[in-house]
Number of protein chains: 4
Amino acid sequence: MGKDKGSLEKNAERARKIRLIAFDVDGVLTDGKVAWSSSGEEIKSFDIKDGHGMKLAKRAGIIIAFITGRTSSAVQQRADELGVDHVYQGAVDKKAALDSLLAETGLADEEVAFLGDDLIDIPVVQRVGLGCAVSDGVEEVRTRADLVTSAPGGGGAGRELIEFILRAQGLWDDVISKYVSDSDA
Amino acid sequence: MGKDKGSLEKNAERARKIRLIAFDVDGVLTDGKVAWSSSGEEIKSFDIKDGHGMKLAKRAGIIIAFITGRTSSAVQQRADELGVDHVYQGAVDKKAALDSLLAETGLADEEVAFLGDDLIDIPVVQRVGLGCAVSDGVEEVRTRADLVTSAPGGGGAGRELIEFILRAQGLWDDVISKYVSDSDA
Amino acid sequence: MGKDKGSLEKNAERARKIRLIAFDVDGVLTDGKVAWSSSGEEIKSFDIKDGHGMKLAKRAGIIIAFITGRTSSAVQQRADELGVDHVYQGAVDKKAALDSLLAETGLADEEVAFLGDDLIDIPVVQRVGLGCAVSDGVEEVRTRADLVTSAPGGGGAGRELIEFILRAQGLWDDVISKYVSDSDA
Amino acid sequence: MGKDKGSLEKNAERARKIRLIAFDVDGVLTDGKVAWSSSGEEIKSFDIKDGHGMKLAKRAGIIIAFITGRTSSAVQQRADELGVDHVYQGAVDKKAALDSLLAETGLADEEVAFLGDDLIDIPVVQRVGLGCAVSDGVEEVRTRADLVTSAPGGGGAGRELIEFILRAQGLWDDVISKYVSDSDA
């Protein structure tokens, strides 16, 4: 792909074009653990701060999508609660899911950011405008990502990416102004 | 707000006036993770030592309240078990919840401590007598708090704040005297 | 109590007299977290290695007991699975539970080891022959314990204490000989 | 057993002969925690990256087996989902389970790798071609293993071992070539 990767400035430039952020789920919005109970329930854990970040992003006009190779009703529940716009489950071929997503939204590669952690995420990480990996993603993904978060999957990586993009677009101060009364700021 | 923040002495002075401690829940009394099961259950984890601290605080005459933006039956169960006096769930506007709490209890801002972790907690952190953040709270909250706990959310932050306030009020030794027989102390 | 605390040699001497090991549960055999689900389930997590250690201790003739201030069917299940001999739940006054345990077993204080983590454990920690605290127990317990484990509650502290006692009694090599074929050892 | 243990080169040589990888479950594919709910459910957590690794190994022609001393429907579910070829539950005598596995598959000791964490795993670790322990396994296992993973149980140890073996056999680049388009690599 020959991307000019790594520099903060280059990534901020990429971030300014982003209109949609897509997330892998397991290992990105979770810590990669899935629990099973003896009666057959599947359980997975999400970070509330990531979720709040997605709401802030949506309020700022950014589209949110999930692209996951697995299928789980827990993911659909979480997506519904957050009002996630596009959810692709069972997407073993993530590139095909990205194609559908671009067709549905009319967006171009460079308007999309994606955050992944494992081998099957590589094709999307390599293709989108801002291809990202979580800090505990596998080496093959991290070395090919434009940006590696400092937080691990399920531990704030999603929020960190959202904040990076909103700051690059000059929208962060506006987002937090709702909460802050800083005569002293 | 122009608070004179930070010094231990100043915070102990603030703590001496506190008659009610209010806690955000997710990310403060939990580690910010919420689990979903395939059958639609929502699961969250609380720290037993925080809970024991709340019982100690109540025994010492301090009122305990929860103010959370989310709504969850797990939170109500935990509150019931601990005998928490005031529970505000679904409080997206936390300042309004604080107003209700003050009206109900007849207390003033300076008699209230609050422990939060995310952006929506800022208005309450900035207003109450002792505005606090957990160690893993977002930067915007930590920098505006009078006191940042050394423990993270769900990992003893609640207990730490309770103990700080009871010590400042000279009540801690009395609380533990029930358990200790220290001829050697 | 004026115990001569702390030295490894002194603790090994104490350990040689132990015939029963009693454990607090939350924060000692678990990491102190209790999860609640939206349908009212209470969930807590135990360490398999602690459990295996209890089986090894029983095989070596040591009695195992649980003394917990809370009541939970999960604890009874875990106790049943491990064949724990004595289970005291809802034991808010842990000294009274210890009295019952000594009456039932005919043992003396000095033949009992206890592992705790919080204030309500102090009376028992101070009284038994080998009073122990987990590494992440509250300071008031740790400073009064004969022995503080290097592992935290729920992270191997129980196994560590069992192994310390079995080694002091010269039983450890016998325990592991069943598993090891060390012509090279 | 007099194994010439430890060196990376020697382990790579051993790895080249491996045609089956067997895993203990609790403490190896999980972090060793088992949760119980008040209604009697048993819950355990697996790492998605380990599971993906097993799929990659199978695609490369390696047989996967589980050998666990406990019995749990969660393990069977996880095995079914991953298409694990051989599952031995309730295998308190792991050597006997290994015998059955060798008989079923027609493989020899040196064609098997095994990853364990606790005392009962020692007989198998000592016997197979590549006997391995997780980084947080008990000392008695780690010191007798040919290879100790740098990841802990439930935190990527399984994936790490699979990757080590596939690399030693020269199959890793082929495995990841499916995902990567590296004109720049």
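The model is predicted. Chain B superposes on chain A by a rotation of 90°, with 0.0 Å of shift along the axis and an RMSD of 0.0 Å. The two copies are thus related as by a four-fold rotation axis.

**Arrangement of the copies**
- Only 8% of the interface residues of chain B are also interface residues in chain A, so the copies meet through different surfaces.

**Extent of the A–D interface**
- On chain A, 26 residues are in contact with 30 residues of chain D.
- Together, chain A and chain D bury about 2,400 Å². Carbon and sulfur atoms account for 47% of that area.

**Polar and charged links**
- Five salt bridges are found across the interface of chain A and chain D.
- One of them joins Arg70(A) to Glu81(D), at 3.0 Å from N to O.
- The interface of chain A and chain D also has 17 residue pairs in polar contact, with both residues at pLDDT 80 or more.

**Chain A's side of the contact**
- β2 (33-37) and α5 (122-127) of chain A each supply at least two residues to the side that touches chain D.
- β2(A) gives the most, with five residues.
- By class, this side of chain A has 10 nonpolar, eight polar and eight charged residues.

**Strand pairing between chains**
- β2(A) also pairs with a strand of chain D: five bridges join β2(A) to β3 (residues 42-47) of chain D.
- The two strands run antiparallel.
- Within this pairing, Trp36(A) stands opposite Lys44(D) in β3(D).

How values were computed:
Residues numbered from 1 in each chain as written. Chains lettered and ligands numbered in written order. Predicted model: local features only at pLDDT ≥ 70, side-chain atom pairs only at ≥ 80, totals over all residues. Heavy atoms only, no water. Least-squares fit on C-alpha atoms with pLDDT ≥ 70 in both. Contact = heavy atoms within 4.5 Å. Buried area = accessible area lost by both parts, 1.4 Å probe. Salt bridge = Lys/Arg side-chain N within 4 Å of Asp/Glu carboxyl O. Polar contact = N/O pair within 3.5 Å; in protein donor to acceptor, adjacent residues only side chain to side chain. Helix = DSSP H or I, 4+ residues; strand = E, 2+ residues; numbered from the N terminus. Nonpolar A, V, L, I, M, F, W, Y, C, P; charged D, E, K, R; others polar. Pairing = 2+ DSSP bridges.
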